[in-house]
Amino acid sequence: MRKQKKKEDMMSKIIAILFVMLIIVVALVAIAGVYFFGLLGIFKFMGVTYITTSAFLWFVLLLLIVGSIVDFLSRALISLFKPFATSALSRFILIATIDIWFSWFAIYTADTFVKEITLSFGAEFALAVILFIIDYGLDMKVGSVKVKVENNT
């Protein structure tokens, strides 16, 4: 009887672990799908051509890898120069310049290594700006901007 109960407890633990792993895998696949199809839509909108879907998949994978490394470096550079930007506008320009330049470098590197995709400089730069806008929009804290309304009655 005891062995039967131990076996049932072990089986329920295994099922719980497998269920949690399944939820994690589904979430990761959904995020990757949104990223993949989002870039695919941006490419279609900009008129970028690619030969095979596997080449586009390699481009996205390489962009994620190089982009992660470059993003780490850009965050370090932004935090290094942020104290020198005194106003909100100069801080935004600093962040935009560094982030767009590093994003462009990641896109250029991925484009260079994947020969089946041809991106013009304008398409690379436009993609870098779009990625910056998305990144900056997702990083903004809601309620961080305080607006003072005065009543002049």
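**A buried aspartate and the charged residues around it**

In this predicted model, in which local features need pLDDT of at least 70, side-chain atom pairs count only at pLDDT 80 or more, and totals for chains, interfaces and linings use all residues, Asp99 is buried yet has no salt bridge, the nearest side chain of opposite charge being that of Arg75, 4.8 Å away. Residues are numbered from 1 along each chain as its sequence is written, and side-chain values use heavy atoms, with hydrogens and water left out. Buried here means under 20% relative accessible area, exposed means over 50%, and partly exposed lies in between (1.4 Å probe, protein chains only). A salt bridge is a side-chain nitrogen of Lys or Arg within 4 Å of a carboxyl oxygen of Asp or Glu; for charge, Lys and Arg count as positive and Asp and Glu as negative, while His and the chain ends are not counted.

Asp99 is placed in helix α3, which covers residues 88-113. Helices (H or I, at least four residues) and strands (E, at least two) are DSSP runs, numbered from the N terminus. When neighbours within four places in sequence are set aside, Asp99 is in contact (heavy atoms within 4.5 Å) with Asp71, Ser74, Phe132 and Asp135.

Across the whole structure, two salt bridges are found. In one of them, the side chains of Arg75 and Asp71 meet at 3.5 Å, N to O; both residues belong to helix α2 and lie four residues apart, about one turn of the helix. Arg75 is partly exposed, with a relative accessible area of 32%, and Asp71 is likewise partly exposed, at 29%. The side chains of Arg75 and Asp135 also meet in a salt bridge, with an N to O distance of 2.8 Å. Because Arg75 lies in helix α2 and Asp135 in helix α4, this pair ties together parts that are 60 residues apart in sequence. Asp135 counts as partly exposed, at 22% relative accessibility. Through shared partners, the salt bridges join Asp71, Arg75 and Asp135 into one network.

Two further residues of helix α3 were examined, Ala96 and Trp104. Trp104 counts as buried at 19% relative accessibility, and its C-alpha is 9.9 Å from that of Phe132, at a sequence separation of 28 residues. With neighbours within four places in sequence left aside, Trp104 is in contact with Phe121, Glu124, Phe125 and Ala128.

The largest pocket has a volume of about 600 Å³. On a 1 Å grid over the protein atoms alone, a pocket is an open set of points where a 1.4 Å probe fits, with protein on both sides within 12 Å along at least five of seven lines, and its lining residues have an atom within 4 Å of a point; grid points are joined across faces, edges and corners, and the volume is the space filled by probe spheres set on the points. The lining comprises 24 residues, of which Tyr35, Leu64, Ser103, Leu131 and Asp135 lie nearest the centre of the pocket. Helices α1 (2-46), α2 (53-81), α3 and α4 (121-139) each supply at least two lining residues, and the largest share, eight residues, comes from α2. By class, the lining divides into 15 nonpolar, five polar and four charged residues, where Ala, Val, Leu, Ile, Met, Phe, Trp, Tyr, Cys and Pro count as nonpolar, Asp, Glu, Lys and Arg as charged, and the others, Gly among them, as polar.

For the chain as a whole, the secondary structure comes to four helices and two strands, which follow the pattern α-β-α-α-β-α along the sequence. Of its 153 residues, 25% count as buried. Among contacts with a separation of 6 or more, 67% are between residues 24 or more positions apart.
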